[in-house]
Protein chains: 2
Amino acid sequence: MSLSALVVKHQATIDAAVAANRDRTFHAHWPEPPSGKIYGETANEDGLKAFQAQLNTPFGEWGKGNAESEGSFVGEEVSPYGFELGITYPALSVDTLMTRASDAQTAWQALPVAERAAVLVEALERGAKRFFEIGYATMHTTGQGFVMAFQSSGPHGFDRALEAIAMGYAAQQAFASSVAWAKPMGKFSVEIEKRYRVVPKGIDLVIGCSTFPVWNSTPGIFAGLVTGNSVIVKPHPGAIYPIAIVVEELRRTLADLGLDPNICQLAVDTVEKPITMDLLQHPAVKIVDYTGGPSFGRLVEEACFTSGKVVFTEKAGVNSVIIDSMDDADRALGNLAFSLSLYAGQMCTAPQNIYIPASGVNVGDETWSVEQVAAKLKEHVDAHVLNEKSGAGTVGAIQSQATLNRIAEAKALGLPVVRDSAAVAHPGFDASRSATPLILMATTDEEDITTREWFGPISFIIPTGSFDEAVALVAKSVREHGALTTLIYSTDEKKMDLAEQAIVSAGAPVAFNFNSFVWVNQSAAFSDFHGTGANPAGNATFADWSFVTNRYNVIGVRTQK
Amino acid sequence: MSLSALVVKHQATIDAAVAANRDRTFHAHWPEPPSGKIYGETANEDGLKAFQAQLNTPFGEWGKGNAESEGSFVGEEVSPYGFELGITYPALSVDTLMTRASDAQTAWQALPVAERAAVLVEALERGAKRFFEIGYATMHTTGQGFVMAFQSSGPHGFDRALEAIAMGYAAQQAFASSVAWAKPMGKFSVEIEKRYRVVPKGIDLVIGCSTFPVWNSTPGIFAGLVTGNSVIVKPHPGAIYPIAIVVEELRRTLADLGLDPNICQLAVDTVEKPITMDLLQHPAVKIVDYTGGPSFGRLVEEACFTSGKVVFTEKAGVNSVIIDSMDDADRALGNLAFSLSLYAGQMCTAPQNIYIPASGVNVGDETWSVEQVAAKLKEHVDAHVLNEKSGAGTVGAIQSQATLNRIAEAKALGLPVVRDSAAVAHPGFDASRSATPLILMATTDEEDITTREWFGPISFIIPTGSFDEAVALVAKSVREHGALTTLIYSTDEKKMDLAEQAIVSAGAPVAFNFNSFVWVNQSAAFSDFHGTGANPAGNATFADWSFVTNRYNVIGVRTQK
């Protein structure tokens, strides 16, 4: 298929995504249910088979005997459900990756943006045919339950990619690419032919994380590509497989269209011999996308600042909740309990600190004590995680031993326990590593504890002197430690307004009174800006203008005829 | 007038500017001729009178006895035409400036962008009534000839301000500010009311330069303001008066509309007691716009990078010309000669290095030697600068003694002189400091000389082995030393294409065959992107998306009803 035919094929998809970005309405190009009715009756079975066939063998093409000559093969992924994946990937050298990326970029950047966008949508459509395999690959690298793994790395992650493509497309289409400029000079006019060339900054390095290897990486990958850059994808060594499928489909699509597949490459390393900093410090790398822990994130930011590279980060912060008053405690606390339980809190958006005025919480006509609220919250967490049918899938498995250690550390703090953490059974996966939410009581004097990020299923209930004090503590925490989300339960519009002004000014988003089928730790492509870029949790937003416009320059060529 | 009425009043102006930014067509909201027919028969006389009345007295309101209690008054501007201006300005402390800016910002950022934009256009329209005073103020701080001073600080500088307002307006209007989001869930849908709040990053510090105190500062000032930031304008101590008028009109407009005038403040210092770094390092400053020399510019960039501030720089580079072939040598070299002569080359866009293949230049059917081209170029420079009527106005005066010293330094290099520099007489200003273009012959071996920026009326003719070598040298120079402009004369399309690919890839714009009424050192608002941001000459572009989108964040507020 020619590139111009491809543009026609995908224009409606791109136009709809551009419109959704503008209007912020609900939009989903790929439906989120992992349903056979949508994706084909055998899709689940086929995906599972593909996953099983991939285990213990070199990845993709290489597994079929098409190994490239360069580099050794490495791989050390272990399922949090208790087995080694045994998949290996070619470990190309930094120099090989950079040379190939640089060679590939010239032709790619010369394409009109409409063609680049169409190629990328084509790759996503091909990748979408492997959503179930991606789901199993995600489940068995991150520990997410299957449904969540399917959604986060499949439809949701792909929608975030499409959002980035559409933003980059709209930004580049917002100026004429050429003009016959005529300046009136009285009786005649001066005429200049002007062209405006979009020039990508250079190689874009996308550094992934272990818990959301697709969802957190597709925005940077596709924003980098649509703006004409070559992209090198460097996944976390513990979660390569899911994004390797996306990269593979991109490379196949590029090759099938007669383009250089090295426009997007996979860089693989091991925990023992990391290459991320070598990649990052290579002078050809001009853009870095990073998702992951704050301490390494700060090193990444500093290295980029000092060398003048553009950097987009999504690190992590301390997410807070304030419970002031509720119409319906069961709906509100049921909603919050689900956010604490889902994937055992291993989300950068999951709540950690729950502030409750010590004077109590208005629930309809009643006033509930902090203890009553805490007890009801525990009850709802129990209901979610101990549910025989859905509990294990909701909680999933724990990605990293470090998170399990962190739970032990939290237990050892000696704080009063509202709800203790325990393992859940994952039938068929006896060796899985799991943990349900641990909820502790803390005080405002224990800021040294509560202002740390306790990544995982760990939260604190913190009584405060007043609602205003709670708001002040949350705003301070956002400013000093960052946050991806905040959640307020209040029926008092004045209090809501006060909280909104303080928290938005501090740089965090606010959710009010979530109580059904939408959770504070979820962020919808095309509608919710994920990350504000305005607090220490990160400088990037999926996907605002800056997320795409900082990846290229516009350079003018003027010709007098 | 209410803010909503103001929006109606200026909407057509803003819409036309938004359209011009998109289409890149010729657009000028304020006509460039300093003509009484356009600006009123007495406009010139009135402006001159206002200028003369301002001399030797505290600036503006303060000169009328409205001195504020804080701070002392300072001022040390000297006209390059040979007299002290004797104007003083209140020197507020850094803390006072910051407190006022922070206090003013909350209400300003809460306005809808349409109202902010309308207020800013109103201020520009008021300021435009003082174009002639601004022209004289610019002439007698920068040394520009009057017509150029009028145009650069008046219509052109104000059009760049309007361009920035329109870009910021378009960027912020590109997303819905609220939406009733509804996610279909089968038989029902989940509904969330979402609002998207534009939150400015913080105080925007705009650091001006001595040669273009308005044109180079209005983009940052108005980009900062339209995106909701408080702005502190810190002019060069040698060129305060022109931009002080703009700030004064902004403050009056704000006050007349019932808004806090401290949304935009003037920060004044002296060469002996500079405050720029104290301002820049204040934690409330989150954005810095800088125009000026590269060495201080690098300090500004480093200070911003290490403290996580957003910085927009326009420093300077080494601008190159290649002469390969010409249809009409007189028109081409006359054009180039004017670019060398205008304001004695004191423009960041003025050509410096002129590469000519040693094998000669095709002119129609002839081949001219390097010496012939050089002689013709000298002839045209002479014609421009020695013209009895227009010569002195074209060359203007030399802003800084350092530039005069630099000419002496260039003369002492011992290179062959194509054209010597001399003073021009400015009738009525016997003590003026002036210099016509110095043109030297250099070789490709003298890169240590020619790759330095020789700011002022200093250029080098450099024979090269071939056209290709010239292109390679220019591309290398752009990469290593930056450039704001390049200019190529060639009638060979293959050579033009080769030059374009190499130079655009290196990050500089290209102009081809300029030969009438448009000059490489001119950059038209709404059409030409000034600065590419893609080479060491600076990271900013007047005005692309990044120039406005990096000044604010969008923060979401979600409410479930």
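## Exercises on a two-chain model

In β21(B), A511(B) is the bridge partner of R558(A). The model is predicted.

**Exercise 1.** Find in which sense β22(A) and strand β21 of chain B pair, and over how many bridges.

*Solution.* Start from the bridge between R558(A) and A511(B). Then follow the two strands. β22(A) pairs with β21 (residues 510-512) of chain B in the parallel sense. The pairing runs over three bridges.

**Exercise 2.** Work out which element of chain A gives the most to the side that touches chain B.

*Solution.* Begin with the whole contact. It takes 54 residues from chain A and 55 residues from chain B. Next, list elements of chain A that each supply at least two residues to this side; among them are α1 (3-23), α12 (294-307), α19 (493-506) and β22 (552-560). Now pick the top contributor: β22(A), with eight residues. Finally, sort the residues of this side of chain A by kind: 28 are nonpolar, 16 polar and 10 charged.

**Exercise 3.** Determine by what turn and shift chain A can be laid on chain B, and explain how the two copies are related.

*Solution.* Apply a turn of 180° and a shift of 0.0 Å along the axis. Chain A then lies on chain B with an RMSD of 0.0 Å. The two copies are therefore related as by a two-fold rotation axis. Next, locate the residue of chain A that comes closest to this axis: F305(A), at 2.7 Å (C-alpha).

**Exercise 4.** Explain why the copies meet through the same surface.

*Solution.* Compare the interface residues of the two chains. Of those in chain A, 100% are also interface residues in chain B, so the copies meet through the same surface.

Terms used. Residues are numbered from 1 along each chain as its sequence is written. Chains are lettered from A and ligands numbered from 1 in the order in which they are written. This is a predicted model: local features need pLDDT of at least 70, side-chain atom pairs count only at pLDDT 80 or more; totals for chains, interfaces and linings use all residues. Copies are superposed by least squares on the C-alpha atoms of residues with pLDDT of at least 70 in both. Two residues are in contact if their C-beta atoms, placed from the backbone, lie within 7 Å. Helices (H or I, at least four residues) and strands (E, at least two) are DSSP runs, numbered from the N terminus. Ala, Val, Leu, Ile, Met, Phe, Trp, Tyr, Cys and Pro count as nonpolar, Asp, Glu, Lys and Arg as charged, and the others, Gly among them, as polar. Two strands pair if DSSP finds at least two bridges between them.
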